[in-house]
Amino acid sequence: MLSYAIRRLLFLPIVLILLALMIFALQMMLTPMQRLALYAPSPDYLKGGETFIRSLIDLYGLDDPFFVQFGRWIGNVVRGNLGWSETARMPVGQAIALLFPATLELALFSFIPVILGAIWLGTKAATHHNRLTDHSVRVFTILGWSFPDFVFGLLALMVFYGSLRWFPPGRLSPAMDAIVRSDAFHRYTRMNVLDAILNGNGRVMLDSLRHLVLPVITLAYVNWASMVRIMRSSMLETLRQDYVTTARAKGLTERKVENRHARRNALLPVTTVSGFVVAWMMGGVVIIESIFDYHGLGRFAANAAANLDFSAILGFALYFAVLLVIVNLVVDLLYAYLDPRVKLG
Amino acid sequence: MKRAVLFAVVVLMLVGVAGLAQVKNPGTLTFLWTSDLRTMDPAYVASTPGSYAPFNLYDRLLNYKGEAIDEFIPGISRVVPSVENGLITQAPDGRVFYTFPIETGVYCHQVGVRASDGSIVWKAYDELTDAEKKDIVPGYGEITPSDVKYSLLRAMLLGFSWMSNAITDMFTGSQYPDVEAMALALGGVETMDEVDDATEAAVYNTLADKIAVRDDAVEIVLDKPFPATLGILALPFGASILDQEWAVAQGAWDGAANTWIDYFKPTLEENPLFAIENGSGPFQLEEWDRAEKKAIFKRFEGYFREPASLERVVLRSVTEWTTRRLQLEAGDADLVSTPVEFLDEMEATDGVTVLRGLPMVSTTNTFFLWPVQDSGNPNLGSGKLDGKGIPPDFFSDIDVRKGFCYAMDYDALINQIHLGNTEQARGPIVKGIMGYRADSPVYSYDPEKAKEHFMKAWGGEVWEKGFKLTAFYIAGITTWQSALGILQQNLSRINPKFQIEIQGVQWSAFSDLLWGGAEPGAALVVCNWGPDYSDPGGPLGAASYYLDMNGAVAGFSGSGYVDLIEDKFQPLLDEAWALVDPAEREPIYAKLQEMSYEYATSLFMWQDYTYLVERDWVHGYTHNAITYGAVYFYPMSKSE
Amino acid sequence: MRTIRQLLRNPLSVVGIVLLLFFVVIAAFSPLLARPEPYQLSPYQIPRDGFWQAPRDPGPGHPFGTTQGQFDIYYGIVWGTRTAFRIGLGVVLVGAFVGMTIGAVAAFYGGMIDELLMRLVDVFMSFPFLIAAMVLTTILGKGIYQVMLSLIAFGWMRYARVLRSEILHIKESDYVQAARASGASNRRIVLRHILPNAFYPVLVQATMATGSMVLAASALSFLGVGTEPGYADWGQLISLARNWIMGKGGNPFAYWYTLVYPGMAIFLFVLAWNLVGDALRDILDPRLRGSTHA
């Protein structure tokens, strides 16, 4: 298994270079004027007329040939410099490093309700196939899938913040934020809950948990549908397999049949899909972030995309590619573990 | 399993309830907006959101007086120069002298203190004890007349922002729009790289000679009158005053004649003053968290005037309207930017005040562009007048333009799209600017007249064959899209063969359409433009923007438009700019405004207004049209 | 034929089929159900009755009310059905085909080819989808075909990975071993045993995706790439409801119709595909055969 993992990781640089090339190629399909829009984000910045515009294009090297620009970028990356992000107003590497913990925290806290909830709901639906429970679960989750995530996010915000004032938007309330930024508080990981625990500060921990509730619930709900569906159908399949019938015939309780035999195999497609879900969450979830005023990688990437901030785009793509390769590797390894018959590579 | 769920719910409720007893900060103003600060360097800033930082963190020689766009109050200059008080004088050779007596004791947020080892250390002024204040090295963190000269020169020689270049324009009597043009002209070269030391010094000297530093005053000399001088110096952009000693200590230009090119047009990351500030303004930068798009300003106790009432100002970028609204209603935010359609609703909300009808000096219009780039341009359709497209110079025919102007339903624009919160634009000059007359002619929705003009257009071809063109607006701006929607429907009702396709495009594509080539890529676009000071003429004036052949609008409208301008409007503009007496200038600008109607140079739509939605406990906001609604936090406060 | 009879026997699948047929009928008769106005350049442009921002309640002329900007909701729902089918089917069919081809090739050949193809999948998966969509739109212009192109180009990977893992799983299963042992050729094994069985999770994914492509497309439109605001698309209709969810003056349900009608359309569409997809799988899956009378 280890050699398999290493082999997979050796491919990483190739993936990254290919990815970078593709993105650069896209960039080159734009005219220099279109790419200048990043540095002159509104008409106010273009009031200088043609010569001014020309000089800006020269300043940022937007007219240089493809290989010059690509070479420049690669040269920098190799030295650890991902370049400057105009949209984030800071070096790309720094932006990703600062925003990564927020996204990670949200993903970590969401992971459990999403996956476990989906497994539980899917199993319930499969084992009560075609009965009321099954139908309710399906309708419930499809409802979550049918509406864009901002609908639930906003509804949740309206009820739990607007009316009840329980769970506010943002990551921390102003008072707690001031504490976190003060010198007395050490930001080890920049994940507020973890840092609070490490600093022994209960108030900050509770406050950050409070701010996580709504985004986590919304994320879970909108993702349940697809995962529940996979779980349910694969559970249904497995329950009808011969070895399950054999187990039943042997007199094992339904519960044991479910847990020991059926579920393990039913989890296989779920594993694959959860890989996607986790990766997607780690890529940042821009709409959830916008609604809950939660600054994470999603907004950073979307902003970069909207403004054609290619340094940021490239940097983010690299980050995401590395993440994805690792997640896919973990998923494949998990798959092999769950189903010993699958041979790796 | 059920027990686990129940437990989770209880925990959630506890966590939620625990936060119920939240105390809101009375001395802190939280402003939620959708924009973002770009930099702390005043010389670099060009847009209104960007101006919030220099506006509140730095001072200028003068400030605008309340809501007036052509009256001033003292800033770092103790007195507002005028002809009456003798601080503005004109020499027989035509030169104009402005004298600005500089206040003393104006300290910056950080001052240079002599340390025990003799070196100079920069410390926060507010944190110094009285004893330590004696160790402040004079001039280090203290605004002096030489700082004024340095700041203005630096802004000009940085050459990045149009607002800074306006100062260059002013100093050179409109001879050069920016230092690059000056350097290339003086040196006789094509690019900045070729500029030699002699030219570099020459540029510096030309500008520096215009600013004289006296003991307690700064004197500015202009070769000929420039009506908007005071206006430009009061704008919260490049005219903000920095402390030279501090700037140099941070690695900025040292003020010398032969080094400025090294600091010319820096990229954001190269600029040492990108993220730091040391102004003398009523607030100082406590924190600028670019990852969270949040800036925190803290009151500067050592402000040379009365310190501000607010202790802190928090600026946060929140893109979702409902989230902003909820926070306002909860009291977690004090001021939020609001879409126009929610003003009535917010006014009816408890505890919320709406300030509406805050004018800005810009107008939003639909622009006719001609000739359009015609090699393989899909926006022209077939490229001919055959009902499936338009010829590249479609709008060169005045009857076409007039037809469009009569086809727009201005009532719908004002009342439906803006819910009565704005006014029809009468031309490029808005209310408050010289040349505006409330009774100047404007177009109104008149399908009959439109039909008349269309039937005459292009020798009758337009009416017979019809046309199809694509109109563009910047994606996301719904009011612009709606305006085009009105036009689309009305034109089609006048003649079903008149077809307009509406396309919203990203800014990058939009700017490419207008500035990407020698000629524009589209024939019809919606955009908004406005002047940056109150005078209608000059480089940043309302009339010039639209009607000068070197103006911004001419810059993107195509050579056909430019020819029209050059022929009919330019002579009058030049004449008015050369005059000094407002009584003589006003009629000319009024005439220009009228001519913009006569020649239907653009489809003028509405004057931009802004609004402020705030909690009842916020007081002190003063609006000034020329700053486009940038909020000055100094006079504001929070109280029941 | 047997399949159809079996389909019709399952009450849930009947519901699904009926729903789908209902949508097909609406799509087919759109021009009759909702007449385009003369000024429209395309029937997919929703007519606007006025230009006020606030949505208007259902009433004469607007049975479902209007959205922000006065786009008629009824019209949008009717013509949006066509859009839903175009985007949904177009993207999923092409995407699934491309994905399955790649996934199958990778699973069967294994080794280096598998590695390379899966790394290609990685590259596409880590490709910032929004960027590509944005650049494509900047260059090619906006429109529904560009949207579909973006969605296909960055949607096929899921099918590739799912199919590949299924194939790997099945390759080692008992009945495939048995078939091999009994001397069946590779081709026969692939076509007869592996593919028909590996196909099901893909089918599950695909039917789910068909319903929700509309939402993906609207996310693009929302960001300014994709179709023009006012295009007849359910997802767009919901996006237009975004600012009005809070309702008016304390009544959160004041603008319920801006959300409910398009939401219901999507919900029923997704549900229909789900039910039919599940039913198809139940019928076609050999392991489940004989258990359809549950």
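Residues are numbered from 1 along each chain as its sequence is written, while chains are lettered from A and ligands numbered from 1 in the order in which they are written. Because the model is predicted, local features need pLDDT of at least 70 and side-chain atom pairs count only at pLDDT 80 or more, whereas totals for chains, interfaces and linings use all residues.

Let me start with chain A, which is divided into domain 1 (31-81) and domain 2 (95-144 + 213-338), with bounds that come from an automatic or database domain assignment. The C-alpha centres of domain 1 and domain 2 of chain A lie 40 Å apart.

Turning to chain B, there are 21 helices and 20 strands, where helices (H or I, at least four residues) and strands (E, at least two) are DSSP runs, numbered from the N terminus. The radius of gyration of chain B, taken over C-alpha atoms, is 27 Å, close to the 26 Å from the globule rule (2.2 Å times the number of residues to the power 0.38) for 640 residues, so chain B is as compact as a globular protein of that length.

As for confidence, pLDDT is the predictor's confidence in each residue, from 0 to 100, and chain B averages 90, with 96% of the residues scoring at least 70. Confidence in chain B is lowest in helix α1 (residues 2-18), at a mean of 62, and highest in helix α12 (residues 398-407), at 96. Where pLDDT is low, the predicted coordinates should not be read in detail.
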